[in-house]
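Here is a short report on backbone geometry and aromatic contacts. Please keep the viewer open while reading.

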Amino acid sequence: SNPFEVKVNRQKFDILGRKTKNDVGLPGVSRSKAIKKRNQTLLKEYKEREKTNVFRDKRFGEYNTKITPEEKMIRRFALERQQNYGKKNIYNLNEDEELTHYGQSLAEIEKLNDIVDSDSDTEERGTLSAELTAAHFGGGGGLLRKKIPSEQQDEEEEKPKSRKELIEEMIAKSKQEKQERQTRRESALELTEKLDKDWKEIQTLIARKTPKSERKDKEVEKPKPDEYDMIVRELGFEMKAKPSERLKTEEELAKEEQARLQKLEADRLRRMHGIDEQANKKRPNHMSADDLADGFILDKDDRRLLSYKDGKINIESEEEKEVEEGEEKEEEEGEEDNENEEESEEESASEDEEADAADGHSDLESDVESEEEAAGTKAEKKHKANENESQNVEKLDPKREAAKSELPYTFAAPESYETFKSLFAGRTIEQQLIILERIQKCNHPSLAVGNKAKLEKLFGFLLEYIGELATLDLPELRTIDKLVLPLYNLCQMFPEAASDSIKFILRDAAHELEEVIEVKGRATFPGLDTLIYLKIVSLLFPTSDFWHPVVTPAFMYMSQLLTKCRIATLQDVIKGLFICCLFLEYVSLSRRFVPELINFLLGVLHISLPKNQAQGYTVVHPFTPVGKNLELLLVCDKEDLESWEKQNVPLSIVTRLKETSRTETNHIRLSCLALCFDLIKKCAALYESLPSFHEIMHPVRILLTKHVPVNEYPEKMQEWYHSALKELENKVKHYTPLICEKKKPVPLKQYTPKIVKVLEFGRKQAGSKKEQERKQLIQRHKRELKGAIREIRKDNQFLARMQLSEIMERDSARKRKVKELLGSLATQEGEWKAMKRKKWQS
């Protein structure tokens with residue numbers, strides 16, 4: 001642009017911060033004015049930032065009369081330390097303040113350099129005799145110039161002492177002084193010991209025992225210990241925790257148990273074969289009276305450790321017993337040879353003695369007599385040996401019989417049901433449990449690879465054995481009850497195999513039930529073994545799950561039994577009530593509703609009434625309102641009613657119900673009815689939270705209140721009846737039925753929207769005066785904020801440019817000076833070389 005065309009409006013006076021209308025012009029003009037203003041303000045402040053033209057007294061508290069001189073000194077010292085502690089000490093973590101005391105460092109004082117080295121110089125440390133100082137620090141002339149008393153001066157002048165004599169004399173004096181100090185110290189120690197002894201003797205005389213009354217007063221005056229002190233003392237006397245031994249794994253425990261059982265089995269077999277432990281031990285060899293035991297050699301240390309067992313001394317430890325048992329087998333053959341040798345030696349010795357006697361008393365005995373006597377002694381010895389052997393055999397016979405009758409300690413896992421059954425043949429239930437336990441321990445899965453499959457088979461054999469016990473004419477329920485525990489242990493070890501075995505049994509039972517229903521159209525309740533299996537299911541598996549691979553099929557099978565099996569005899573009623581008890585046991589935690597249970601209990605009440613009374617309720621299959629199987633639980637005999645007592649119905653009575661008398665049968669019927677009342681009471685307590693509880697139990701309530709002849713029953717039966725009825729009637733409804741409302745619901749109030757007319761699109765609409773002023777203020781604030789931010793940014797850029805220009809100037813000056821120095825050095829070097837060259841030429 002042409003500079004003559006630029007129009008500049010100038011003011012007469014320049015005032016900072018004032019905006020004028022004359023500033024309007026070209027962009028270059030406004031920018032130049034802004035730079036001019038910054039040069040006059042910012043640049044001036046920047047250059048004078050470290051300059052001061054006023055002297056200030058910066059001493060702390062110099063003119064403050066309220067502060068004491070001590071506080072001023074402390075504060076000034078702190079400020080001085082802060083000033084000295086600059087950036088150089090920020091990362092210095094090791095240097096600490098050096099504290100002084102009277103100008104000496106405390107660290108050096110704490111080193112304790114003035115410690116006395118020996119105890120002998122404690123009394124006169126730091127003091128040197130005049131002679132010693134003169135000898136060592138005076139150059140040796142002092143010894144020669146020693147002062148001599150006037151009396152001996154004349155004599156010594158005649159015989160002057162040499163230096164050697166003087167030194168020896170000084171050494172003797174120092175030794176004498178040291179000895180005197182030692183004697184004084186020893187005498188002081190003796191005096192102190194004597195004083196201590198005298199004080200002890202006097203102290204016994206001075207001591208006086210206070211009377212009991214004063215002691216009691218003093219004890220009363222003693223303050224009681226605080227609770228905190230008591231707790232601290234208790235904690236001090238508490239037993240500290242001691243590290244315990246490592247818990248053994250299941251595999252280690254199984255190996256130890258197997259080794260223990262194998263050892264016990266080896267002992268049993270040894271006793272069964274008649275091998276006596278005492279007989280197998282080494283017998284002492286015969287020793288003559290003249291033997292001096294010169295060849296005695298200690299082969300091993302036979303000393304035994306002293307131990308106690310059950311309060312008595314245990315002479316032989318278990319380890320020594322094991323060693324002896326291992327050595328017995330190796331020494332059996334050697335012992336027999338030794339015995340033969342001992343007998344031959346004894347015979348030869350006896351012959352020699354007889355020969356000697358014959359030689360010495362030839363006038364009394366002949367050679368023939370000596371030979372006859374020797375033969376007689378041999379026969380007597382053999383006879384005695386045979387008698388001893390027969391006595392040992394008689395002693396060992398009862399031990400053999402006891403060992404044979406004793407149970408083996410190790411058992412192999414049975415591979416078939418016949419072998420399993422042969423193990424239990426003729427055994428009591430306690431022995432059977434021991435056999436099962438030993439089979440599990442000897443065939444633990446961690447001991448061998450195939451043991452797991454063997455024990456899984458054992459679970460199936462045990463189930464089959466329980467079913468066989470249940471099908472006997474007199475079922476052994478107590479035996480079955482005790483066999484459930486090992487069955488449970490095996491189920492915990494192998495849950496999959498156990499579930500497969502029980503599912504197989506339940507599947508067969510369900511298929512058999514369906515086949516019988518298809519062929520005959522009706523079915524009967526299963527045997528006692530199947531009912532026991534259903535009971536075992538509740539003991540082995542969780543019954544509260546929503547779905548379970550074993551419990552759910554058992555649940556369905558029991559519901560089919562209660563709905564499809566015909567009630568024809570009293571046995572069927574007992575079996576059905578047993579299944580009802582199982583149902584309640586299954587759903588005790590889950591509270592699952594079982595309609596078959598309620599229907600069956602209603603049917604049981606129905607068959608306990610006379611005919612033609614089924615009014616107000618309906619009977620569901622397998623019960624019928626009309627038929628020949630009614631009145632199964634009806635008892636009309638008054639004598640039987642009066643003689644009845646409440647008792648539990650045993651499950652084993654199912655097999656021997658035909659052998660019972662009429663009175664016993666009536667009592668069983670009444671017990672079944674009492675059990676029905678009890679089950680109704682439990683169902684009411686279990687299903688009280690159901691919304692439709694009253695509708696479900698309504699038929700049962702009608703039957704109990706209107707049709708059951710309560711007055712004809714015994715008093716105990718009436719108590720059961722009233723408790724069941726009370727449990728039904730006391731239940732409160734926990735819900736309200738849903739009913740449609742008669743009136744329509746009132747609609748909510750609708751708020752009409754505020755409609756504002758828009759006259760001009762794209763512009764802000766006018767409002768009240770306050771709103772307009774507020775909007776103007778907000779807009780002005782935004783504008784001023786943007787302008788302030790822009791100016792601050794420009795000021796920072798201006799200052800950055802100034803700093804950069806200063807740095808450039810310093811760098812250029814430095815480079816210039818460096819060049820000048822290098823140039824001067826180069827000229828000096830040239831002059832020196834020229835001067836050197838001239839000298840060389842000359």
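This is a predicted model: local features need pLDDT of at least 70, side-chain atom pairs count only at pLDDT 80 or more; totals for chains, interfaces and linings use all residues.

**Backbone**

Most residues other than glycine have a negative phi, and most peptide bonds are trans. His-621 and Pro-622 are joined by a cis peptide bond, with omega at about 15°. Pro-622 belongs to the loop between α23 (595-606) and α24 (638-643). Glu-631 is also placed in the loop between α23 and α24. Arg-591 is found in the loop between α22 (570-586) and α23.

| Residue | Phi | Relative accessible area |
|---|---|---|
| Arg-591 | near 55° | 44%, partly exposed |
| Glu-631 | near 60° | 29%, partly exposed |

**Aromatic rings**

The count of aromatic pairs comes to eleven. Take Phe-555 and Tyr-586: their ring centres are 6.4 Å apart and their planes are at 45°, so the pair is tilted. Phe-555 lies in helix α21 (residues 551-564) and Tyr-586 in helix α22, so the pair ties together parts that are 31 residues apart in sequence. Are these residues buried or exposed? Phe-555 has 13% relative accessibility and counts as buried, because the cut-off is under 20%. Tyr-586 is buried too, with a relative accessible area of 0%.

The charged end of Arg-592 sits over the ring of Phe-555, 5.3 Å from its centre. Likewise, the charged end of Arg-49 sits over the ring of Tyr-46, 4.0 Å from the ring centre.

One aromatic cluster is formed by Tyr-417, Phe-420, Phe-424, Phe-461 and Tyr-465.

Notes: Residues are numbered from 1 along each chain as its sequence is written. Side-chain values use heavy atoms; hydrogens and water are left out. Helices (H or I, at least four residues) and strands (E, at least two) are DSSP runs, numbered from the N terminus. Buried means under 20% relative accessible area, exposed over 50%, partly exposed in between (1.4 Å probe, protein chains only). Rings of Phe, Tyr and Trp (its six-membered ring) pair if their centres lie within 6.5 Å; planes under 30 degrees apart count as stacked, over 60 as edge-to-face and the rest as tilted. A charge sits over a ring if NZ of Lys or CZ of Arg is within 6 Å of the ring centre and within 35 degrees of the ring normal.
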